[in-house]
Amino acid sequence: MTGAVFSRAAGRDLPVVAGGRGTELFDTSGRRYLDAAGGAIVVGIGHGSAEVADAIATQAREVAYVHGSAFKSTALEGYAEMLGPLLPVDDPYIYPVSGGSEAVETALKLARAYHLARGEDRSVVIGRTGAYHGNTRGALSVSGRDGLRAPYLPWLGTAAHTTSPYEYRCPFPDSHPYGCGARHAQALEQEIVAQGPHNVAAFIAEPIAGAALGACVPPDDYWPAMTAVCRRYGVLVIADEVMTGFGRTGRWFGCDHWGVRPDLLVAAKGAASGYWPLGLAVTSGEVHDTVQRAGFVHGFTYSHHAVGAAAGLAVLKILSRDGLVDASARRGEQLGAELRAELADHPHVGDIRGRGLLWAVELVADRETKVPFARNERMAERIAAAAKDRGVLLYHSTGCANGSEGDLLVFGPPLVISPAEVTEVVTGTAAAIREVS
Ligand code: PLP
């Protein structure tokens with residue numbers, strides 16, 4: 001038997017991609033697609049950048065691989081130097097890996113290693129209901145997507161979860177919209193106390209919950225209240241910026257919207273914009289110094305990869321030079337306004353939310369009761385398929401921040417999207433929604 005690819009779309013035939021430019025992709029039959037999802041909210045600087053390709057080729061020609069414990073590289077030193085001042089972390093140290101899940105695993109180990117180095121045997125990491133932090137065992141254990149976790153529960157150890165800020169179905173309706181942040185912080189504090197504060201190593205959360213939960217922007221009092229609770233109990237804050245980092249939400253990092261200074265931060269996706277599988281675990285100087293003094297035993301064959309650093313550096317230069325973080329904020333306002341103008345009255349559109357170029361439409365069977373569609377209707381998936389038929393690529397998800405299942409259409413186009421293309425995305429999506437629902 002000949003070899004075959006283990007498909008990620010079992011039962012569906014996929015077009016063969018032939019090329020990409022900016023926000024556009026082309027298949028081998030010559031069809032054009034407008035990529036409103038950047039793949040899985042990955043591609044920030046746009047497809048087909050010769051500049052990034054050249055940086056990768058130059059580094060690979062010079063030297064592609066050395067072990068991270070044997071050599072430093074100019075590319076990686078230069079990358080850390082340029083990225084450092086942009087990170088919302090004090091005296092940041094950057095541990096480059098191959099993707100978001102590896103970055104999360106690294107941060108979880110760093111959090112425990114930090115406490116052990118200080119003589120405290122803390123192991124519990126608190127995540128949030130509905131959250132997604134990756135598919136490896138550690139990342140899945142702190143995630144809150146029951147459907148993804150269920151088959152692997154015997155491997156996931158003790159997981160603790162607290163509430164997610166989900167304005168559309170706020171878990172604290174009596175406080176809504178003022179004071180929810182304090183209630184979420186109270187819930188976190190209760191969980192810390194229930195676990196025993198001396199056991200809790202870290203709290204992990206996305207500053208703005210990404211595609212799995214549908215661009216849930218927390219209330220402004222959320223992050224100050226949550227970080228205050230963590231500080232009170234010596235619990236480290238891990239910001240998962242795998243999706244929100246590198247300009248996606250209209251600031252360099254999602255933390256910047258609220259001045260959050262996490263102890264650990266993880267990033268990936270936009271870091272190398274899909275040109276290289278690059279993830280980053282970032283520590284504060286204090287965490288770095290503490291774990292390094294004690295000795296941090298960890299590593300992957302491909303961590304500290306020079307070609308990855310060259311790709312990341314080239315992407316960073318483009319984001320800065322071309323003002324793409326500001327562009328994300330501006331185009332994001334347009335996208336939000338046009339989605340609302342086009343869809344707010346649709347009987348199956350429950351909520352439209354987001355920031356920068358990360359937006360979501362939550363679909364419901366009934367707007368009054370907010371009852372979701374039945375699972376077997378596969379509503380978001382069918383609408384995304386109808387949009388693809390119209391040449392608009394959307395991301396869809398069945399996540400919900402209260403842990404139940406829902407129907408989400410998620411928008412995360414390359415930050416280079418033009419005003420006319422934003423309108424094309426909205427028109428194509430609206431037509432697909434009307435056709436299917
Ligand atoms: N964290 C968040 C917030 C994500 O959205 C993802 C991926 O979608 C991950 C972690 C895992 O990243 P990766 O798929 O690169 O392992």
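Biologist: Is the crossing in which H12 passes H13 left-handed or right-handed?
Modeller: A crossing is left-handed if the near helix is turned anticlockwise from the far one by less than a right angle, and right-handed if clockwise. Mind that this is a predicted model: local features need pLDDT of at least 70, side-chain atom pairs count only at pLDDT 80 or more, and totals for chains, interfaces and linings use all residues. Residues are numbered from 1 along each chain as its sequence is written. With that said, the way H12 passes H13 is right-handed.

Biologist: At what angle do H12 and H13 pack?
Modeller: Helices (H or I, at least four residues) and strands (E, at least two) are DSSP runs numbered from the N terminus. Axes are lines fitted to C-alpha atoms, for helices over the stretch in contact, with angles from 0 to 180 degrees between N-to-C directions. H12 (residues 379-389) and H13 (residues 419-436) have axes 8 Å apart, at an angle of about 125°.

Biologist: Which word does that make H12 relative to H13?
Modeller: Under 35 degrees is roughly parallel, over 145 roughly antiparallel, 65 to 115 roughly perpendicular, and the rest oblique. For H12 against H13, that makes the word oblique.

Biologist: Which residues of H12 make the contact with H13?
Modeller: Contact here calls for C-beta atoms, placed from the backbone, within 7 Å. H13 brings Gly428, Thr429, Ala432, Ile433, Glu435 and Val436. From H12 come Arg382, Ile383, Ala386 and Ala387.

Biologist: How many residues in the contact of H3 with H10 are nonpolar?
Modeller: H3 (residues 74-83) and H10 (residues 306-321) pack at about 35°, their axes 8 Å apart, and their crossing is left-handed. Among the H3 residues that meet H10 are Leu76, Tyr79 and Met82. Ala, Val, Leu, Ile, Met, Phe, Trp, Tyr, Cys and Pro count as nonpolar, Asp, Glu, Lys and Arg as charged, and the others, Gly among them, as polar. In this contact no residues are charged, 2 are polar, and the nonpolar ones number 10.

Biologist: At roughly what angle do the axes of H4 and H9 cross?
Modeller: H4 covers residues 100-117 and H9 residues 285-294, with axes that come within 9 Å. The crossing is left-handed, and the angle is roughly 70°.

Biologist: Which helix gives the most to the shell around the ligand?
Modeller: A residue is near if its C-beta atom, placed from the backbone, lies within 6 Å. Of the 15 residues around the ligand, Gly99, Gly100, Ser101, Gly134 and Val242 come nearest. By class, the shell has 7 nonpolar, 6 polar and 2 charged residues. The most, 3 residues, come from H4.

Biologist: What is the bridge partner of Ala360 in E15?
Modeller: Strands pair if DSSP finds at least two bridges between them. The open sheet of 4 strands runs E11-E12-E15-E14, with antiparallel pairing. Within it, E12 (residues 358-363) and E15 (residues 407-411) pair over 5 bridges. Ala360 has as its partner Val410.

Biologist: Which residue in E3 does Glu24 stand opposite?
Modeller: The other open sheet has the order E1-E2-E3-E13, with mixed pairing. E1 and E13 stand at its edges, each with a single partner strand, so one side of each has no neighbour in the sheet. Inside, 3 bridges join E2 (residues 24-27) to E3 (residues 32-35), running antiparallel. Opposite Glu24 stands Leu34.

Technical notes: Contact = placed C-beta atoms within 7 Å.
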